[in-house]
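Here are a few exercises to work through with the model open in your viewer. Try each one yourself before reading the solution.

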Amino acid sequence: NRIVEHSSRTIDEAQITNLMACLMGSSITVLSGLPGTGKTSLVGILAGAMGLTDRSRPRFSKISVERGWASHRDYIGYYNPLSGTLEASNSDVFAAMCALDEECRAAGTRNGVDDASAPYVFLLDEANLSVVENYWSPFLGNADEFLHTPASLSMQGGSSLKIPSNVRWVATVNYDHTTESLSERFLDRAWVIRMGGEALSIDDALDAPDFFDFDGVAPFSYNVLLEAFGPKAGRLLPDAAVRRSLEALFATCRQAKRPLSPRCQRSICLLYTSDAADDMQCVD
């Protein structure tokens, strides 16, 4: 409803459900496709509908990835040994990370998130202009425990930043001769959504470009979103039909010589609860 009210984009409800399940079920979600398919604008619309783009309390940052990044310090900040202080590589991202560090340390919970906290979403735009697993390394290493354990960013000089579990990343990637391929190690820890180009009528093509304005939209609680769309450990449905569907899916991948890793199988299984019993056509 928020998307319809505040943007020009019409997005199918099933697509939104898929996006939100990916976003809440993994520390990073990848949107892949040809340039111009609306990947970046879709992330902005989704963040706005979650209430994260209001100018007075933004919890959404866009990071334009550059070539040659080898560490998180290339786009966050670094320790200057001459001044003995931390300095920003990107002032907006550095300020956001420092604020998240304060939130994490003040929360007093294992995952660094309090009950009133909203999510924070970072967009890595054109993420594969550099090798993602290099510059995103601390978060990649924390990918299996991100729901329970904050990520730790070493800033050198004896200092570090703690990033709470309510942080999510979305990466947009293009595939051409100018970009880096995504490694199997990274893909084993990420959801990937492929976006195709949509055919437009002449009338649609003459319409104004996408616009959206979510200023003033209140944020959703992170815990509420996690309950609605996140993994449901300990509540797997022992339904025979669900088991058969999942077993058939895993078997098909093995037969196609693209077996799913144990990590991927576990992630998929944790998304299916009694609430999803009537929605197994997505597996088909």
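**Exercise 1.** Which residues form one aromatic cluster?

*Solution.* Before we start, a word on the ground rules: this is a predicted model, where local features need pLDDT of at least 70 and side-chain atom pairs count only at pLDDT 80 or more, while totals for chains, interfaces and linings use all residues. Residues are numbered from 1 along each chain as its sequence is written, and side-chain values use heavy atoms, leaving out hydrogens and water.

Step 1: know what a pair is. Rings of Phe, Tyr and Trp (its six-membered ring) pair if their centres lie within 6.5 Å; planes under 30 degrees apart are stacked, over 60 edge-to-face, and the rest tilted.

Step 2: search the whole structure, which gives nine aromatic pairs.

Step 3: read off the cluster: Tyr120, Phe122, Trp136, Phe139, Trp169 and Phe186.

**Exercise 2.** Phenylalanine 122 and tryptophan 169 form an aromatic pair; is it stacked or edge-to-face?

*Solution.* Step 1: check the geometry. The centres are 4.7 Å apart with 25 degrees between the planes, and that's stacked.

Step 1: Phenylalanine 122 sits in strand 5 (residues 120-125) and tryptophan 169 in strand 8 (residues 167-173), so the pair links parts of the chain 47 residues apart. Helices (H or I, at least four residues) and strands (E, at least two) are DSSP runs, numbered from the N terminus.

Step 2: look at accessibility. Buried means under 20% relative accessible area, exposed over 50%, and partly exposed in between (1.4 Å probe, protein chains only). Phenylalanine 122 is at 0% and counts as buried; tryptophan 169, at 1%, is buried too.

**Exercise 3.** In what order do the five strands of the open sheet come?

*Solution.* Step 1: set the rule. Two strands pair if DSSP finds at least two bridges between them.

Step 1: follow the pairing, which is parallel and gives 2-5-8-1-9.

Step 2: find the edges. Strand 2 and strand 9 (191-194) each pair on one side only.

Step 3: zoom in on one pairing. Strand 1 (residues 28-32) and strand 9 run parallel, joined by four bridges. Serine 32 has arginine 194 of strand 9 as its bridge partner.

**Exercise 4.** Which strands does helix 2 lie across?

*Solution.* Step 1: locate helix 2 at residues 13-25, lying across strand 1, strand 8 and strand 9. Contact here means heavy atoms within 4.5 Å.

Step 1: get the angle. Helix 2 runs at about 155 degrees to strand 9. Axes are lines fitted to C-alpha atoms, for helices over the stretch in contact, and angles run from 0 to 180 degrees between N-to-C directions.
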